[in-house]
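Me: I have a structure to read and I keep meeting terms with cut-offs behind them. Please take my questions one at a time and set each value against its definition.

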Amino acid sequence: MTQQSESTTSAVSADVDAGESASTSLLSPGRGSPAPLPPLADPRPLAERRIWPRSFVDRLTAPLPGLKAFARFAREGAVRPAPEGLKDIPLLPYEPAPLPRVGARTVAVSWAGHASWVVRIGGLTVLTDPVWSRRILGTPARITPVGIAWSALPRTDAVVISHNHYDHLDAPTLRRLPRGTPVFVPAGLAPWFRRRRFACVTELDWWEGAELGGVRFDFVPAHHWSKRTLTDTCRSLWGGWVLTAADGQRVYFAGDTGYGHWFERIGRRYPGIDLALMPIGAYDPRWWLRDVHCDPEEAVRATLDLGARRMAPMHWGTFVLSAEPVLEPLTRARVAWEKAGLAREDLWDLPVGASRVLE
């Protein structure tokens with residue numbers, strides 16, 4: 001490990017510990033004020049070559065399932081809804097429309113489906129976890145088409161990747177991009193892109209950031225894991241992204257995550273989040289998926305922890321990844337939002353293919 005990477009990793013590890021203790025004090029009345037947060041790290045150089053630990057398993061929030069859990073899943077688990085839960089597929093909201101025209105000071109988001117967004121911020125067009133393929137490894141084909149035609153995209157200025165699972169890192173889609181497209185990825189994932197001849201790959205650890213065209217890209221923790229082959233469990237990191245324009249407008253992309261203490265800490269370190277793109281699906285059976293996927297109520301709670309002004313649901317209605325009925329995530333998210341006493345106009349529950357502009 002290079003001295004530079006070693007010192008960075010040590011600092012991040014210390015900050016992880018500080019984040020856990022700070023979260024505990026915040027959640028336990030009478031235990032004093034939370035520890036002060038260190039300032040944001042200086043931006044890392046773009047396309048920096050770095051050396052990382054062989055494994056990030058120490059970053060797991062919860063242990064990965066063991067033999068007993070797999071045996072229980074074999075007995076009683078389900079990976080698809082019952083027929084009754086699939087009958088509403090024709091009712092899934094799908095309303096493709098042209099992308100809105102935006103200026104350099106406008107924030108707009110357009111949902112292509114699953115965790116794939118076209119985010120316009122600070123004059124840049126950013127794709128999140130782009131998956132334009134009809135099917136991904138290990139799952140049935142999409143139950144809603146891609147909401148935005150690839151040919152309708154403006155020039156892509158950057159791509160952010162949350163982690164390496166196949167429904168978030170899609171090789172056929174990424175092959176469509178020019179190899180000079182700047183890509184921001186978790187620590188340990190740059191070699192995958194360099195093997196595919198991407199020339200500007202910036203990999204970051206938690207709480208690190210980089211800048212492109214006046215927009216800051218910060219990589220933040222998530223309650224999840226990584227794996228793409230039989231031998232690479234947790235060999236690369238996982239997380240979400242905070243995009244901040246020069247004028248302070250801020251969008252948080254959660255990627256894929258369970259609920260936990262990181263949301264409150266992210267909100268403290270990056271205050272004033274204008275919009276949180278939050279996963280609400282792939283949560284049933286709960287005992288199996290609780291640690292790595294939010295359910296709709298937890299997504300709303302996480303948005304409150306973040307201090308975000310608005311939430312846009314994602315990670316539902318595109319691929320059948322778990323056993324809940326296909327329309328249930330949206331229904332439950334709307335009920336949870338109302339129960340929390342939040343303004344209806346701040347829930348951006350977009351149909352696949354739709355856009356919203358932050359006024």
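Me: What is the volume of the largest pocket, and what makes it a pocket?
Reply: The largest pocket has a volume of about 1,200 Å³. On a 1 Å grid over the protein atoms alone, a pocket is an open set of points with protein on both sides within 12 Å along at least five of seven lines, whereas a cavity is a set of points where a 1.4 Å probe fits but cannot get out. The volume is the space filled by probe spheres set on the points, which are joined across faces, edges and corners. The model is predicted, so local features need pLDDT of at least 70 and side-chain atom pairs count only at pLDDT 80 or more, while totals for chains, interfaces and linings use all residues. Residues are numbered from 1 along each chain as its sequence is written, and side-chain values use heavy atoms, with hydrogens and water left out.

Me: Which residues lie nearest the centre of the largest pocket, and what makes a residue part of the lining?
Reply: A lining residue has an atom within 4 Å of a point. The largest pocket is lined by 39 residues, with His165, Trp225, Trp288, Leu289 and His293 nearest its centre. Helix H2 (67-76) and helix H7 (286-289) are the elements that give two or more residues to this lining. Helices here are DSSP runs of H or I with at least four residues, strands are runs of E with at least two, and both are numbered from the N terminus.

Me: How does the lining of the largest pocket divide into nonpolar, polar and charged residues?
Reply: It has 23 nonpolar, nine polar and seven charged residues. Ala, Val, Leu, Ile, Met, Phe, Trp, Tyr, Cys and Pro count as nonpolar, Asp, Glu, Lys and Arg as charged, and the others, Gly among them, as polar.

Me: What volume and lining does the second largest pocket have?
Reply: The second largest pocket holds about 340 Å³ of space. Its lining counts 16 residues, and Gly188, Pro191, Asp232, Arg235 and Ser236 lie nearest the centre. Helix H5 (residues 190-195) gives the most, with three residues. By class this lining has six nonpolar, four polar and six charged residues.

Me: Why is the contact between Arg332 and Glu297 called a salt bridge?
Reply: A salt bridge is a side-chain nitrogen of Lys or Arg within 4 Å of a carboxyl oxygen of Asp or Glu. The closest N and O atoms of Arg332 and Glu297 are 2.6 Å apart, so the pair meets the rule. Arg332 is in helix H9 (residues 328-339) and Glu297 in helix H8 (residues 296-306), 35 residues apart, and the pair links distant parts of the chain.

Me: What other salt bridge does Arg332 form?
Reply: Arg332 also forms one with Glu328, at 3.1 Å between the closest N and O atoms. Both lie in helix H9, four residues apart, about one turn of the helix. Salt bridges that share partners join Arg286, Asp295, Glu297, Glu298, Glu328 and Arg332 into one network. By this rule the count comes to 17 salt bridges.

Me: Why is Arg332 called partly exposed?
Reply: Buried means under 20% relative accessible area, exposed over 50%, and partly exposed in between (1.4 Å probe, protein chains only). Arg332 has 26% relative accessibility, so it counts as partly exposed. Glu297, at 34%, counts as partly exposed too.

Me: How do you know that strand S3 and strand S4 pair?
Reply: Two strands pair if DSSP finds at least two bridges between them. Strand S3 (residues 124-128) and strand S4 (residues 158-160) have three bridges, in the parallel sense, so they pair. Leu127 stands opposite Val159 in S4.
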